[in-house]
Amino acid sequence: PVNEDRPAPYIDIASDTPGDNYSYIRQETEVIRHELEIDESWVDDEDELIDEPQEKVIEDTPPLPVKATDTADVKPTAEKPQPLPDAEVLTINQKISAQLSNKAEAGPQPISDLKSAITLNDKLLYVKDLFNGYSLAYSEAVDLLNRFTTFEEADSFLKKNYSVKNKWEDKPQTSEKFYALLKRRYA
């Protein structure tokens, strides 16, 4: 609540001290301007260089002989290739599709490292189906498979240590997918 009996406090904004300035006008700092001085002594009135060495023309050498040729024998050096009227012009998408189909016909490429060739989804599938959820067993098997030199060595290792024990015959799709990668590794 406002007490109307009390007067409002008095504030004196006009101060006697010279350093206090409560003016609403802001004082700007002085801007220093510099002029760029250009020495134009090296340029004459027609914008030509004065003290630059001029190119010397040697007049002692005779001009080279110009061979007169028949204009019918002269062929242009850079010809633009003209499209054949019956040839079909391929778009970029058609060219890329043709390249991809050529690669697909070549067959799957060999793998140098099994660990890097297996995607994350495939890794999770193999761990779950082929290694009974043991990722350490999967990692150990893949590391050992990378060290073998032939498919037969790798196959006998898997059959002896993992295939029978983990019942890979119950999951034929996953085991066939894994063996397809193995065949690419030792191809």
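## A partly exposed aspartate and its partner

Let's start with Asp143: at a relative accessible area of 30%, this residue counts as partly exposed (that label covers the range between buried, under 20%, and exposed, over 50%, using a 1.4 Å probe and protein chains only). Lys115 is partly exposed as well, at 48%. The two form a salt bridge, with their closest N and O atoms 3.3 Å apart (the rule asks for a side-chain nitrogen of Lys or Arg within 4 Å of a carboxyl oxygen of Asp or Glu). This pair ties together distant parts of the chain, since Lys115 sits in helix H2 (residues 114-117) and Asp143 in helix H4, 28 residues apart.

A quick word on the model: it is predicted, so local features need pLDDT of at least 70 and side-chain atom pairs need 80 or more, while totals for chains, interfaces and linings use all residues. Residues are numbered from 1 along each chain as its sequence is written, and side-chain values use heavy atoms, leaving out hydrogens and water.

Another one joins the side chains of Lys177 and Asp122, at 2.7 Å from N to O. Here Lys177 belongs to helix H6 and Asp122 to helix H3, 55 residues apart. Lys177 is partly exposed at 38%, but Asp122 is buried at 15%.

Lys128 and Asp129 also pair up, with their closest N and O atoms 3.7 Å apart. Lys128 is exposed at 59%, whereas Asp129 is buried at 10%.

## The overall layout

The protein chain has six helices and zero strands (helices are DSSP runs of H or I with at least four residues, strands are runs of E with at least two, and both are numbered from the N terminus). Of its 187 residues, 16% are buried.

## Inside the core

The largest nonpolar core holds 21 residues, and Leu145, Leu158, Trp168, Phe178 and Leu182 have the most contacts inside it (such a core is a set of buried Ala, Val, Leu, Ile, Met, Phe, Trp, Tyr and Cys residues joined through side-chain atoms within 4.5 Å). Helices H3 (120-129), H4 (135-147), H5 (151-163) and H6 (172-185) each supply at least two residues of this core.

Take Leu182: leaving aside residues up to four places away in sequence, it touches Leu114, Leu145, Phe151 and Leu158 (a contact means heavy atoms within 4.5 Å).

## Out on helix H1

Leu100 lies in helix H1 (residues 92-106). With 52% relative accessibility, Leu100 counts as exposed.
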